[in-house]
Each structure stands twice: as C-alpha cells, then as structure tokens.
Amino acid sequence: MENKVILLVEDNPRDEALTLRALKKSNIVNEIVVARDGVEALDYLFGTGNYAGRDMSEMPQMILLDLKLPKVDGLEVLRKIRADERTRRLPVVIFTSSSEEEDLIKSYNLGANSYVRKPVAFEQFLEATRQLGLYWLVLNQAAPPK
Amino acid sequence: MAGVAKAMYSSNWTARAEEALRRSQEQLAGIIGSAMDAIITVDGEQRIVLFNAAAEKMFHCPAEEAIGHSLERFIPERFRATHQGHIQSFGRTNVSRRTMGALGAIFGLRTDGEEFPIEASISQLESEGQKFYTVILRDITERKHAEEALRASEARFSIAFNASPISSVIATLDEGRYVAINDTFLNWTGYTREEVIGRTSAELELWPTSEARAKVIHLLLTQGRIRNRETRYQMRNGEVRIFLMSADIIELDGQPHLITASIDITERKRAEEALKEQSQILDLAPVLIRDLDGRLLFWNTGAEQMYGWKPEEALGKTTHSLLHTEFPQPAEEIQATLFAQGHWKGELVHTRRDGERIVVASHWVLHRNELGERDVVLEVNSDITARKQAEEEIRRLNEELEQRVAERTAQLQTTNKELEAFSYSVSHDLRAPLRHINGFSQALLEDYADKLDAEGQGYLQQVRSASQEMAQLIDDVLELARVTRSEMRREAVNLSAKARAVVDDLQKTDAVRRVKVHIEDGLQAHGDKRLLKIMLINLLGNAWKFTARQEAAEITFGQQQRDGEAVYFVRDNGAGFDMAYANKLFGAFQRLHSSSEFEGTGIGLATVQRIVHRHGGRVWAEGKVNQGATFYFTLANSKERRNGE
C-alpha cells in the first residue's frame with residue numbers, strides 16, 4: 001500500500017509534537033505535512049504560496065484539522081476544501097480541544113467526515129490517534145483520484 | 001193725590017165726624033196709592049170701584065178706564081166663570097179674608113193681552129147693604145222665573161254632580177257623615193252607595209289619619225275654601241291613593257256641609273316621581289341641547305357641574321366657543337356624520353370655566369321636529385380625563401417597561417454572548433495546556449524512565465492525574481453553564497427509556513460492576529429531553545458511583561404521587577449522606593465525600609438542581625450515612641404544563 005501524506009493542520013507546537021509522537025507510537029509511517037495556520041493549509045492543498053508548483057496529483061489521505069487557527073480558522077479551511085472540486089472528497093477529521101455543540105454542528109454542516117476531541121490523558125490521546133490512523137488510512141476506501 | 005180723589009165714597013157724617021173721616025180716608029188713600037201690590041175693590045156686581053196705582057201698572061190700564069167697569073176684563077177668559085163662582089161662594093161665607101193662592105194658580109190679564117201669574121188675597125166688606133170685595137194682587141212672574149231657574153239649576157247641579165268625572169262628595173262638616181256621593185267616588189274608592197251614605201268618613205277610614213281630616217276642616221274654616229290640595233285617601237281595598245282635592249262649605253237644611261271634588265292623580269304623581277328621578281339621573285350626566293347653529297338651548301345640572309358654567313351663563317352661547325371644543329376630526333365631517341346617521345360618538349377636548357382642559361366622551365343625537373326637519377342636537381358628555389390619563393400612564397409605563405425589557409434583554413444577550421465566548425474559549429484554550437502537561441509528563445515517563453526513580457515517576461503520575469481532574473472540572477463547569485443558558489425545548493420525554501440508556505452506558509464503561517437496577521415503566525415527563533438526560537446521567541451516575549462499595553448494589557428509578565403531584569425519585573443503597581449536610585448537596589463544588597472515597601467535582605447535583613428549576617420543579621434528597629440516598633424531583637406541575645411554556 002502506498003503511503004500517502006497526512007496533512008496535520010495545527011498551530012500549537014506542543015500539540016504538534018504530541019500528535020506526531022502519538023502517530024509515531026501508533027506505527028503510522030505516512031509522510032506528515034504540518035500546516036501551522038489556515039493559510040498554510042490552503043496553500044498546500046491548492047498549490048499556492050509557499051507550496052506553489054507542488055505536485056498537485058498528490059493529495060493527503062487524511063487531514064487532521066484543528067478549529068482554532070490563526071489567520072483563517074479551521075471551519076473556513078473546511079469550507080474551502082469542500083468548495084473546490086480538487087479537494088472536496090478528501091477525508092477531513094476535525095481534531096480539536098472543544099466539544100462545543102456549536103463546533104460540532106458547524107463542522108458536520110460543512111462536511112467534516114469525523115470529529116474527534118483531543119483527550120487530555122495522553123493514553124487516550126494515543127488511542128484516538130491510533131484508531132484514526134487505522135480507520136482512515138487502512139480501513140476506509142478513499143474516493144478515486146480524478 | 002190723584003188716587004185719593006178717584007176713591008169714591010158717599011157719606012152723610014156730621015161735620016166733625018166728616019172731618020175725622022176725611023183725615024182717615026186721606027190716610028187710607030195714601031196707603032192704597034203707595035202700596036206695592038195692586039189693590040182693587042169691586043162691588044157685588046163685580047164693577048170696579050177702586051183701582052190703585054200699582055194696579056194701573058200691573059194691568060197697564062189707567063184707573064179712569066177701569067173704574068165702573070167689570071173686573072172680568074183683567075181675568076183670562078178661561079178663568080172668568082170659575083172666578084165668578086169663587087167670589088159668590090166666598091161672599092156666602094162669613095170669612096172676611098182668604099188667600100187666593102190656596103185655590104190654585106191664578107192669572108191676570110193685561111190690557112195688551114199678556115197673561116201673568118199672580119198671588120192674591122181677597123177680603124169682603126158690607127157697607128150700606130152693599131157687598132164690596134177688595135183683592136190685593138201681586139205679580140209673581142219674576143218669582144216664578146226665579147223658581148224655574150232654581151229648579152233648572154238644581155237639576156243641572158244634580159246631573160253635574162252625578163255625572164262628573166271628578167269624585168264629588170257632600171258630607172256634614174262636623175262629623176263627615178255622607179249625604180251625597182257621585183258615581184266617580186264609588187268607582188274610585190270601590191264602595192257601593194249603600195256602604196257610604198249615612199256613614200262617616202272616619203267609619204270608612206277614608207282618611208289615612210284622623211289628623212288629616214282635622215287639618216282639612218281647619219283650613220276650610222279659616223280660609224273658607226280649599227283649592228287643589230294634595231290629599232291621600234284610603235280605598236276600600238286598603239290602597240292609599242293620591243288626590244287633588246277642592247272643598248267648599250255649603251249650607252243644606254240649615255246645616256253646614258262640606259262639598260269636595262277630588263281627582264285621582266296617583267298615576268300622574270308616579271309619572272312625575274319617575275320623571276323627577278329620571279331627571280335627577282339625567283342631571284348626573286352632563287346634557288346639553290343646542291340648535292343647528294350651535295347655540296345652547298338646554299344646559300342641565302350635570303353640565304353645570306362638569307364645566308362650571310351656570311345655565312344663565314351658558315344658554316344662548318355657542319357651544320363650541322364656550323367650551324373651546326377641540327375636535328378629533330374636522331367639525332364639518334362630524335356634522336356630516338351627524339346629519340347622515342342621526343348621531344355621532346367621539347372624544348373631544350373641552351375647556352372648563354376654570355381653564356382646565358378635560359377629555360370627554362361625547363355622544364351627539366340629532367333631533368328632528370314633527371315635520372322631520374333637523375331641529376336640535378342633544379349632546380351628552382362624560383369626563384374621561386382621568387381614564388385617559390390612566391391610559392396614558394399605562395401606555396407610558398408599558399413603553400418604559402418595554403424599553404427596560406429591551407435594554408435588559410440586550411444586556412442579557414450581550415452577557416450571554418460574552419458567556420458563550422468565554423465558555424468557548426475555556427473549552428478550547430484551557431484544556432490544551434492540561435493536555436500538554438499530561439502528554440509531556442507521559443513522554444517524560446516513557447522516554448526518560450531510566451533517569452527518574454520511582455518517587456519521581458510517582459510525582460509525574462500525580463501531575464498527570466491532576467491535569468485530568470482539572471480537565472474534568474472544566475468540562476463539568478462548562479456543562480453547568482450550558483444547562484443554564486441553553487434554550488429550553490419542551491416535549492414529551494420518556495424518562496424510563498432515557499434512564500435505561502444512561503444505565504446501559506454506565507454498565508459499558510464499568511463492565512465489572514453488578515448492580516440491580518429497577519426502572520419503573522412508562523415514566524413520562526414534559527421537558528427538554530437533552531437537559532433531562534443530563535439530569536439522569538448525574539443522578540443515576542451518582543447512584544452508580546456511591547454504590548460502588550456495596551456488595552448487592554441496588555438502584556431504583558420510580559415515581560410516586562404526593563398531593564396530586566408526580567414526584568420522581570432515584571434511590572440507591574449506597575454510601576448515603578448525613579442529613580445535616582443535605583443543604584450542601586446541591587451547591588456547586590460542594591462535596592460530602594473526599595476524592596479518595598469517591599471521585600467527583602461537586603458540580604453534578606448543582607447541574608441537576610438547575611435543570612429541575614428550569615423545568616419549574618423542585619429537587620431534594622433524603623439519606624443516612626451508609627444506608628443509601630434517595631433523590632426526589634418534580635417537574636413543572638400539570639397546570640403549568642397545560643398552559644404550555
């Protein structure tokens with residue numbers, strides 16, 4: 001199986017470190033691209049800005065998207081992903097601190113595939129990451145590329 | 001004296017005797033000549049020998065033409081034979097004098113042929129062997145006329161008395177004994193004639209009091225008569241009716257009598273009373289009447305009281321200038337409505353005499369005369385200033401209230417938004433550092449375990465569990481805030497099913513526990529299902545938690561009726577609590593157990609209480625240490641539920 005990219009959109013370096021650690025501990029070996037705000041995430045996805053000219057045939061197999069982000073927030077990133085033909089079928093997992101009803105509803109309304117709240121206890125955090133990887137990278141059949 | 005010279009006498013008395021006789025004859029002749037009655041003397045052959053002045057006047061015949069002639073010419077022909085007979089039979093008697101009236105009506109005959117009634121007396125005298133008869137005659141034509149007139153008058157009076165539509169009574173003045181009564185009296189009083197005649201008014205109890213009659217008699221005696229005096233009489237059936245009575249004193253058979261005429265004015269009086277009452281009522285409402293030019297024709301007491309203008313000041317003035325009428329619409333339009341529909345209703349502003357402006361509810365009615373022409377306008381006004389002021393005050397207060405409510409709502413909305421933003425921020429930002437503390441502590445334990453002794457590793461575990469507790473605390477506080485501010489959506493909720501789902505979840509997360517759970521079937525409530533579920537999670541979660549050390553743990557969820565109210569309860573046989581602290585149970589962050597005994601944040605029951613209160617219910621608990629606890633709650637009562645939210 002081809003190891004595709006995981007796009008981690010996360011502004012907090014500690015969360016980034018913990019997530020990477022958890023992914024590693026879950027034996028997920030996919031390349032991980034980290035975008036530290038919404039603009040960076042969109043640049044990567046649409047080959048703009050710092051990512052201008054990147055190979056657009058390669059799209060992430062899973063996007064872990066935080067909601068609270070500088071510049072362009074997670075919901076806006078999600079909206080743009082779903083609005084564009086090139087990205088609309090990508091699996092997007094909202095991976096965030098909050099379990100506010102408002103966030104859940106908006107996320108699903110905009111077409112999130114999954115919503116996982118980051119657990120405080122690291123064992124649970126690890127378990128959540130492991131299951132996400134197992135599900136979206138192994139079990140789930142992605143939409144065929146265009 | 002011509003009369004004396006005409007008297008004829010033959011005599012041969014002595015000179016002295018002649019002188020005496022002459023004087024006596026002169027005196028007699030004087031008497032005869034000046035007598036009011038006709039005096040005629042005839043001899044035995046009915047030839048007239050004396051005919052005085054009164055006779056001349058009576059028969060329209062001078063003495064010269066009468067003397068020496070027969071008396072017959074002064075007697076109507078049909079009586080002549082009778083008269084002859086009467087005289088002769090009288091002559092044969094020894095009676096010197098007789099009244100002729102006793103023999104029946106006798107008549108005289110004047111020279112012009114007119115007959116007339118006379119009263120006569122006759123006397124006879126024999127002188128020198130010759131009979132002389134002297135008649136004294138009185139013309140009674142006038143008296144006869146007077147008698148006729150009196151008779152006719154009496155007849156007319158009798159008819160008038162009896163046929164009068166006025167109750168008439170004649171009674172004795174002293175004791176009121178009835179002498180005559182008319183039919184009207186009988187009709188009105190209800191008595192029969194037999195019951196009344198000969199009896200007294202006191203016996204009939206006609207006068208309501210004896211003083212009433214005494215007073216009338218007194219008035220009559222002092223004033224001579226009474227006219228139109230209002231009097232009360234008692235009818236045969238006991239009813240007292242009001243009469244207008246006039247009375248006079250008349251003499252009958254030499255006795256003073258009372259004659260009264262009375263009319264029954266009871267109905268009129270009642271009508272007057274009613275009218276008076278009506279007018280008094282009418283006086284309460286200001287009423288004015290004006291002609292089509294607006295000039296005031298009528299201004300009652302009510303109008304005077306309301307506006308302060310006396311009738312004499314108001315009458316003749318133009319209504320709307322006197323009252324400075326302010327119309328709600330052009331006066332022409334009002335006039336048009338009045339003429340078209342016959343009336344108009346509306347609110348006007350008037351200015352009183354003292355300058356105060358008042359608001360009146362005005363009702364105008366157009367009156368037409370008998371020809372159907374517009375005549376006058378009747379205007380009835382009532383002062384509604386106070387009402388208008390009250391209305392205005394209410395409107396102002398309402399506006400103020402609305403304004404205040406709007407302000408408060410805006411404030412609340414702002415506060416709510418701030419709270420939401422705060423909660424959101426807490427939810428996102430407060431948890432992240434905890435997660436980091438926990439995660440990096442774990443990383444330290446994993447990656448650097450060899451550099452830390454058991455004690456150091458133990459400390460790091462403490463750091464980790466502290467961060468987890470804090471995360472839980474944050475979640476609970478956020479839920480409490482959410483329970484308070486979230487919108488309520490009431491619907492029918494199956495509490496039994498909800499409770500079962502909660503217990504199933506508890507069992508899943510704590511698979512090793514064996515708890516006997518009894519959930520009563522069909523427990524229904526009307527409320528917000530999300531909030532009610534949070535409530536059950538907390539109550540059943542508590543029961544689950546506090547029975548952890550019980551070997552045969554039991555939890556019951558059921559319902560009782562207390563005073564007609566549905567009371568739900570969650571009972572367990574767990575650790576229980578000391579009732580002395582029962583009041584602390586529902587406060588946020590209040591705990592009756594140490595964390596080492598039972599973990600928890602102390603927010604669960606505060607959340608339960610908020611949910612119950614938001615549903616308009618009550619929550620309380622009963623328990624004993626180590627003998628379990630029962631939590632009771634009610635939701636909005638059935639009455640509130642029927643009325644909806």
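This is a predicted model: local features need pLDDT of at least 70, side-chain atom pairs count only at pLDDT 80 or more; totals for chains, interfaces and linings use all residues.
Residues are numbered from 1 along each chain as its sequence is written, while chains are lettered from A and ligands numbered from 1 in the order in which they are written.

**Exercise 1.** Work out how α18(B) and α19(B) cross.

Step 1: find the helices (DSSP runs of H or I, at least four residues, numbered from the N terminus). In chain B, α18 covers residues 495-509 and α19 covers residues 529-546.

Step 2: check the axes, which are lines fitted to C-alpha atoms over the stretch in contact, with angles from 0 to 180 degrees between N-to-C directions. They come within 9 Å and cross at roughly 50°.

Step 3: name the angle. That makes α18(B) oblique to α19(B), since under 35 degrees is roughly parallel, over 145 roughly antiparallel, 65 to 115 roughly perpendicular and the rest oblique.

**Exercise 2.** Which residues of α2(A) are buried, and what covers them?

Step 1: apply the cut-off: buried takes 20 or more other C-beta atoms within 10 Å of the residue's own, with C-beta atoms placed from the backbone.

Step 2: go through residues 38-46 of chain A. You get Gly38(A), Glu40(A), Ala41(A), Leu42(A), Tyr44(A) and Leu45(A).

Step 3: look at the cover. It includes β1 (6-9), β2 (32-35) and α3 (74-83) of chain A.

Step 4: step just past the helix. Gly47(A) has a positive phi of about 65° there.

Conventions:
Helices (H or I, at least four residues) and strands (E, at least two) are DSSP runs, numbered from the N terminus. A residue is buried if 20 or more other C-beta atoms lie within 10 Å of its own, exposed if 12 or fewer, and partly exposed in between; C-beta atoms are placed from the backbone. Two residues are in contact if their C-beta atoms, placed from the backbone, lie within 7 Å.
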